[in-house]
Amino acid sequence: MGQSGRRQNGMAIVKVPQNSTIAIKLQKGITSAGSPAYVTRNYPGKPSATDQDLFDVAVALMGLQAYPLVDIARVDNAYLLSE
């Protein structure tokens, strides 16, 4: 693909999912400057899992954490191939 995001030579681009990760951001305390200090815990997931499934797993994992939850993110990796 060119910098403009358009397909070159009329080829279709295919996304091939590889893996998915649940990234759970927690506030582990306060820095010496008074700002929040964060830690992110990453857990592997399946790319075929629904967002709801990954969210439910993250919420269940929160019961095992000592720090308060800041946010939950889904990080997907995939190959982009031209046909």
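Which residue forms a salt bridge with Asp76? Select Arg74: the closest N and O atoms of Asp76 and Arg74 are 2.9 Å apart. A salt bridge here is a side-chain nitrogen of Lys or Arg within 4 Å of a carboxyl oxygen of Asp or Glu.

Before moving on, a word on the model: it is predicted, so local features need pLDDT of at least 70 and side-chain atom pairs pLDDT 80 or more, while totals for chains, interfaces and linings use all residues. Residues are numbered from 1 along each chain as its sequence is written, and side-chain values use heavy atoms, leaving out hydrogens and water.

Asp51 sits in helix α1 and Arg74 in strand β3, so the pair ties together parts 23 residues apart in sequence. (Helices are DSSP runs of H or I, at least four residues, and strands are runs of E, at least two, numbered from the N terminus.) Asp51 is exposed at 56% relative accessibility, while Arg74 is partly exposed at 26%. Shared partners join Asp51, Arg74 and Asp76 into one salt-bridge network.

Next stop: Gln65, in the loop between α1 (51-62) and β3 (69-82). Gln65 is buried, at 19% relative accessible area. (Buried is under 20%, exposed over 50%, partly exposed in between, using a 1.4 Å probe and protein chains only.) Show its surroundings: leaving aside residues up to four places away in sequence, Gln65 touches Leu26, Arg41 and Tyr43, where contact means heavy atoms within 4.5 Å.
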